[in-house]
Amino acid sequence: MKKDLLFISERLEYFTEVYKILRHSKVDVVQVESANDAKAGLAMYSPAFVLLDFDIKGAKFLLDKIAMGQWVPRPYVMVAADCADGNDRADMLRLGADICIGWPINAKEVLAVIYAVRRRHRRLPVIEYEELAINTTSRTVTMRGKPIALTHKEYEVLCVLANQAGIVLTKEEIYRAVWKSSYDPNSTNVADQISSLRYKLGLDRRDATYIQTVIGVGYRFGKSD
């Protein structure tokens, strides 16, 4: 049974307000009270949105699992936390949140975020190439019509390549775009992610259609211009 939003919190008083306003706006919402219940809820309801109370036990671990793409399609995550300033909010985003909202929860703000994401979803096209489709809003990937569960890094590497189809990117360019740090020439991170991507997408290492190795240079998505 699909739900629009999974609210993960022990604080029933906040759920009551959120439930009333969201249900009035025809947003289907359900609450669970723990990280363990959330795992079952994510699998059962496949929510488009998650509202996570960061004070619950196991919240950080759960956020990490969602960010890594353990549940497909990956939900849009709103983290409710006591963020004192921009640095605290930045930390939440680095942990995998899509947006950070403060306490007490403002149900109208939650609804506004949902509407904003839905508007963006209508504007953004799905990246499609041959039998591969990448939905950049839900962060989901399908190959030959079948959903492919990718980790956060695998997804990011694929998007970097797909967004510059036909262009050869060096390992350093890919690394800096995804890991956002200085590149170590001895690192195998990029090669490891490419290998894992090919395996999950059912591609041969000599693939010349999707992810090509350009010897001595790097990788190219799709055919050259």
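**Helices across a sheet**

Helix H6 (residues 152-162) lies across S10, S11 and S12, running at about 70° to S12; contact here means heavy atoms within 4.5 Å. Helices (H or I, at least four residues) and strands (E, at least two) are DSSP runs numbered from the N terminus, while axes are lines fitted to C-alpha atoms, for helices over the stretch in contact, with angles from 0 to 180 degrees between N-to-C directions. This is a predicted model, in which local features need pLDDT of at least 70 and side-chain atom pairs count only at pLDDT 80 or more, whereas totals for chains, interfaces and linings use all residues. Residues are numbered from 1 along each chain as its sequence is written, and side-chain values use heavy atoms, with hydrogens and water left out.

The three strands form an open sheet in the order S10-S12-S11, with antiparallel pairing (two strands pair if DSSP finds at least two bridges between them). Strand S10 (168-170) and strand S11 (211-214) are the edge strands, each pairing on one side only. S10 is joined to strand S12 (residues 218-221) by three bridges, and Thr170 has Gly218 as its bridge partner in S12.

Helix H8 (residues 189-201) lies across S11 and S12, at about 145° to S11, and contains Arg198. Arg198 is buried yet has no salt bridge, the nearest side chain of opposite charge, Asp207, being 5.6 Å away; buried means under 20% relative accessible area (1.4 Å probe, protein chains only), and a salt bridge needs a side-chain nitrogen of Lys or Arg within 4 Å of a carboxyl oxygen of Asp or Glu. The side chain of Arg198 does reach the backbone oxygen of Ile211, at 2.9 Å.

Notes:
Buried < 20%, exposed > 50% of the residue type's maximum accessible area, 1.4 Å probe, protein only. Lys, Arg positive; Asp, Glu negative; His and termini not counted. Polar contact = N/O pair within 3.5 Å; in protein donor to acceptor, adjacent residues only side chain to side chain.
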